[in-house]
Amino acid sequence: MTTVVIVGYGMAGARLAAELHAQPGDRKVTVLGAEPHRAYNRIMLSTLLAGKLDEPDVELTEAAGHGVDVRTGVAVTAIDRAACEVRTDDGDRVGYDHLVLATGSRAMVPPLPGLDPAALPDRVAVFRTLDDCRRILAMARGARRALVLGGGLLGLEAARGLAARGLDVTVVHPTGHLMERQLDPAAGAVLAGTLAGLGVRTRLAASATGLAADAHGVRLDLSDGSSLTADLLVLSCGVRPDTVLAAAAGLTVERGIVVDDRLRTSDPRVSAIGDCAQHGATPSGLVAPAWAQARVVAQLLSGVDPHAAYRPRPAVTRLKAAGIDLAAMGDTAEGDRAGDGPVEELTFADPARGTYARLRIRDERLTGAILLGDNPAVGTVVQLFDRGAPVPSDRRALLLGRTLGGTPAAPATSPALMPDAATVCQCNDVSKGALVRCWRSGGRTVEAMSAATRAGTGCGGCRDALAGIVGWLAEVDPVADEPAGLARTDLTGGGPPTLAGADLVNDDSPRTRHDRVEVA
């Protein structure tokens with residue numbers, strides 16, 4: 001019997017345990033998680049912060065399975081590679097034939113006077129774990145004003161969540177525009193205006209220089225000599241892969257734990273997946289690659305596919321908070337490079353309506369795009385970027401989603417017109433065909449399809465598309481005793497409902513990873 005030990009019971013470690021349980025073979029799987037909770041969906045913590053969900057709603061519903069020993073609240077303190085065992089903080093030694101590190105990442109705490117990373121002051125919290133979320137919610141009770149340090153994706157989600165609870169929120173960001181890793185300055189300015197309308201102010205190009213905090217509130221000193229006061233402060237200054245165990249064990253570590261295409265570290269008996277793993281130049285920090293990596297490792301360790309290899313996909317970053325719809329993909333900041341050909345740039349901004357669109361085209365292919373606000377062309381843009389397909393000659397329709405006459409350029413993609421290989425849920429790699437088969441097997445609701453296929457259990461960005469497909473199937477196949485009809489490819493009659501903005505990707509071309517925030 002093969003013994004597999006997984007260090008980390010987050011989204012990556014829990015998925016690997018489930019994947020191993022689903023594979024044939026005789027093995028013992030032990031999962032060691034430092035957090036005292038069941039595995040949970042880290043992406044949904046901002047929704048929990050906003051009060052839209054309760055804690056049970058963010059738990060990962062799939063159990064690890066019979067034969068998987070899950071130990072929560074147990075931290076691994078050391079790896080003994082010579083003895084093939086790990087040591088835990090309760091004095092136990094757990095042996096392994098193969099070890100998988102899914103240690104995730106840790107929130108970065110800036111080096112500010114008055115701020116001890118090992119013991120955060122009262123009224124100050126990072127935003128990374130369920131316990132962090134609980135701390136923020138406890139501080140928010142009775143509070144009126146909040147500060148968020150960091151204007152990246154996670155910081156803006158925290159700010160939006162607190163604003164939804166009625167707090168007066170100010171985001172402090174050291175650079176000149178928000179989300180500088182994904183947006184250009186013009187898009188950042190439009191986003192700041194949208195946030196202002198949602199009750200979130202921004203203070204840009206202002207670095208924090210000091211902090212004073214006690215049980216009554218916080219004061220944040222800024223580089224321009226001013227200070228801001230509030231009842232609480234949330235730190236969202238990025239994350240760093242947790243490589244402490246790996247480095248102490250002598251594994252190769254750069255920004256993350258270095259792995260090859262088979263997710264093996266410098267020790268072939270040790271793998272790494274998720275936030276802590278570095279495949280290529282940088283760690284990914286996103287849920288879809290973490291789950292794809294878990295699937296590859298499970299296939300390798302079970303022998304189901306001894307040639308399985310991890311192939312990363314181009315990333316599309318989506319932020320769908322209440323009142324904000326953002327998609328950013330590819331490179332929108334690079335300059336022209338010799339030999340690459342001319343670059344065509346198209347930009348449209350309507351700050352009053354919170355709309356911004358930018359397309360970057362080279363050799364008739366999209367190399368980058370930013371779409372902020374309501375844009376009916378977002379699904380088409382994502383598909384063109386993903387496939388590397390030629391862009392249409394009517395650039396304005398692609399940029400604005402409308403013709404010169406002001407009418408929609410084209411109806412949103414209908415499920416009836418999409419091939420079965422089209423990917424609906426990027427996080428879990430669920431195709432339209434898989435959803436149709438689930439329907440034919442009796443899964444007649446969004447909840448039933450989600451439970452059977454995992455669609456919609458990642459970032460949640462495909463839930464509207466999933467609901468659209470369920471609605472379409474209910475119209476074209478309302479009678480359960482006619483499943484064969486769904487196998488036809490001509491189910492386009494009767495005006496099936498459309499999937500506005502659905503990012504459906506044809507799997508006969510390179511596919512796209514589709515995520516919101518660092519999660520694994």
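Which residues lie nearest the centre of the second largest pocket? Keep that in mind as you look around; the tour comes to the answer at its fourth stop.

**Before you start**

This is a predicted model, in which local features need pLDDT of at least 70 and side-chain atom pairs count only at pLDDT 80 or more, while totals for chains, interfaces and linings use all residues. Residues are numbered from 1 along each chain as its sequence is written, and side-chain values use heavy atoms, with hydrogens and water left out.

**Stop 1: the whole chain**

Show the chain as a cartoon and you will find 13 helices and 29 strands. Helices (H or I, at least four residues) and strands (E, at least two) are DSSP runs, numbered from the N terminus. Of the 520 residues, 53% count as buried, a word that stands for under 20% relative accessible area, with exposed meaning over 50% and partly exposed in between (1.4 Å probe, protein chains only).

**Stop 2**

Now zoom in on strand 16 (residues 232–235), which is joined to strand 10 (residues 145–149) by 4 bridges. Leu147 stands opposite Leu233, and Leu149 has Leu235 as its bridge partner. Strand 16 also pairs with strand 9, in the parallel sense, over 3 bridges; there, the bridge partner of Ala125 is Val234. Are the two faces of strand 16 covered or open? Both are covered: Leu232 and Val234 are buried on one side, Leu233 and Leu235 on the other.

Axes here are lines fitted to C-alpha atoms, for helices over the stretch in contact (heavy atoms within 4.5 Å), and angles run from 0 to 180 degrees between N-to-C directions.

**Stop 2: a hairpin**

Select residues 208–214 and 217–222, which are strand 13 and strand 14, an antiparallel pair with 6 bridges. A hairpin of 2 residues joins them. Look for Ala212, which stands opposite Arg219.

**Stop 3: the pocket**

Here is the answer to the opening question: Ala34, Glu35, Thr103, Arg106 and Asp242 lie nearest the centre of the second largest pocket, which is lined by 36 residues. Helix 1 (11–22), strand 2 (27–33), strand 8 (105–107), helix 4 (130–140) and helix 7 (244–248) each give two or more residues to the lining.

**Stop 4: Glu19**

Stay with helix 1 and pick Glu19, one of its residues. Glu19 counts as buried because its relative accessibility is 9%. Leaving aside neighbours within four places in sequence, Glu19 is in contact with Ala294, Arg295, Ala298 and Arg454.

**Stop 5: helix 9**

Finish at helix 9 (residues 378–387), where 8 of the 10 residues are buried. Among them are Val378, Val381, Val382 and Phe385.

Note on methods
Two strands pair if DSSP finds at least two bridges between them. On a 1 Å grid over the protein atoms alone, a cavity is a set of points where a 1.4 Å probe fits but cannot get out, and a pocket is an open set with protein on both sides within 12 Å along at least five of seven lines; lining residues have an atom within 4 Å of a point.
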